[in-house]
Amino acid sequence: MPPNADTSILRNRIATKVNAPTDLIDNDAATQSSLRSLKGLKGTEVAIDGVIYDIADFVHPGGEVIKFFGGNDVTVQYKMIHPYHTGKHLEKMKMVGKVVDYVPEYKFDTPFEREIKSEVFKIVRRGREFGTTGYFFRAFCYIAFFFFMQYTFATSTTFFDFNNWYESGVFIAVAFGVAQAFIGLNVQHDANHGAVSKRPWINDLLGFGTDLIGSNKWNWMAQHWTHHAYTNHSEKDPDSFSSEPMFAFNDYPIGHPKRKWHHKFQGVYFLFMLGMYWTSTVLNPQVMDLRQRGAQYVGIQMENDFIVKRRKYAIALRAMYIFLNIYSPFANNGLSWATFGIIMLMGVSESLTLSVLFSLSHNFVHSDRDPTAEFKKTGETICWFKSQVETSSTYGGAIAGYLSGGLNFQVEHHLFPRMSSAWYPYIAPKVREICKKHGVNYVYYPWIHQNLFSTFTYMHKAGTGANWELKPLSGRA
């Protein structure tokens, strides 16, 4: 769970606060009256590059999802999911003011970004970046597998009294857990990135796969899109601290207050804790108010009308999931510890399939754990595209992509999050080539076990503080 935050910590960290830039202030009375702080944004407003836009009546081509972000600075989110856009596109929205306390940490339109976009868009032409025929075929297979196993798990009376091995509770639980994970990896992930189809309703519909596997579409989007915008940022990436204080993904300096004594052993119990992902998700009370605490902790506001109106649907979907996958097994197989064990086995199977693959993505030896370090030292903004490459890793190839929903191509996914995962095997060679040309560190593991070993090594060193110890006779850390 995210660390508890007191009122002094719960501030808007999405932008660094400084004195109002002089270029935002003029003598026009209307402009003066519309100068506001980020905290002053209304639920129907967003800020991009320090400019406030009213989106209440804006007809967004990607659907109403834009209103999900009302009340927030969305500069990075906007630019990462609209790689083709220029300033002309922003003119379609109603400008209502300017922000006086916004200073970016990241910069865009760098030579590296321009070349990588230019070359990748030669491979995947504009308008073709969505799901391919192959993607939809795989999605259909995973969805069919899921619903078959969902029906079997919810209606089976043979957990302990079976004639064939495939009727046993153990087999059904493991198969259903993996089926749910495949929905999370291959269906809802692309959909909630808006990458399945140019038709918003298809993305919305498939995005509810998140709720079918025990999580929640809107809470997932709040955390995951923030994670994409600020990958490995120790103060702004919810994924980087969501597991604290049980274990730490961030490699905190020795003596840091967030470093705990038991982190020294996290390399041992890390895998066990990942197995509890399903339990912590299904029983998470945040579904009641749709205030995802990790995103809220870093300053994302979640009180706009779009979110408030969807709370009842989130609660209903969670109640349905609990009825089908917790109440029904007990009703059909008896209220016993044995039935409880089968339910937990299902949850662990889903958890490990999902969370192990997710944990590989940004937690490995030599990953950039402080992408904005230079900004903190000099105030010089960081190339966002470069930071996405150097905080992510890629392993395997197309086959691994078919099973993991393309999430083995994490570098490519973080560079182009609104591109369907079906395209990542095609653009990966070109991405590596351009990274090498620009001196950007691209981490690739030919096999998944190599990435897994690197992740466990990193987790052990992050827990013990080994990366901060002085090397003998060198005076260097």
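The conversation below goes through a predicted model, one term after another.

Colleague: What makes the chain as compact as a globular protein of that length?

Modeller: The chain, which has 22 helices and nine strands, has a radius of gyration of 23 Å, and since the globule rule gives 23 Å for 477 residues, the two values are close and the chain is therefore as compact as a globular protein of that length.

Colleague: How do you know that Asp289 is buried?

Modeller: Buried means under 20% relative accessible area, and Asp289 has 16%, so Asp289 is buried. In the chain as a whole, buried residues make up 53% of the 477 residues.

Colleague: Why is Arg291 called partly exposed?

Modeller: The relative accessibility of Arg291 is 28%, which lies between the 20% limit for buried and the 50% limit for exposed, so Arg291 counts as partly exposed.

Colleague: What makes Arg291 and Glu303 a salt bridge?

Modeller: The closest N and O atoms of Arg291 and Glu303 are 2.4 Å apart, and because the cut-off is 4 Å, the pair is a salt bridge. Arg291 lies in the loop between helices H12 and H13, and Glu303 in the loop between H13 and H14, so the pair ties together parts that are 12 residues apart in sequence.

Colleague: How do you know that Asp289 forms a salt bridge with Arg291?

Modeller: Their closest N and O atoms are 3.9 Å apart, which is within 4 Å, so this pair also meets the definition. Asp289, Arg291, Arg293, Glu303 and Arg311 are linked in a network of salt bridges.

Colleague: Which residue forms a salt bridge with Asp49?

Modeller: Asp49 pairs with Lys79, with the closest N and O atoms 3.1 Å apart. The pair links distant parts of the chain, as Asp49 is in the loop between S2 and S3 while Lys79 is in helix H2, 30 residues apart.

Colleague: Why are S2 and S3 said to pair?

Modeller: At least two bridges are needed, and S2 and S3 have four, in the antiparallel sense, so they pair. Strand S4 runs parallel to S2, and two bridges join them, so this case also meets the requirement.

Colleague: Which residues have the most contacts inside the largest nonpolar core?

Modeller: Those residues are Phe112, Ile116 and Val431, in a core of 64 residues. A second, separate core has 39 residues, including Phe146 and Tyr395.

Note on methods
Residues are numbered from 1 along each chain as its sequence is written. This is a predicted model: local features need pLDDT of at least 70, side-chain atom pairs count only at pLDDT 80 or more; totals for chains, interfaces and linings use all residues. Side-chain values use heavy atoms; hydrogens and water are left out. A nonpolar core is a set of buried Ala, Val, Leu, Ile, Met, Phe, Trp, Tyr and Cys residues joined through side-chain atoms within 4.5 Å. Buried means under 20% relative accessible area, exposed over 50%, partly exposed in between (1.4 Å probe, protein chains only). The radius of gyration is taken over C-alpha atoms; the globule rule is 2.2 Å times the number of residues to the power 0.38. A salt bridge is a side-chain nitrogen of Lys or Arg within 4 Å of a carboxyl oxygen of Asp or Glu.
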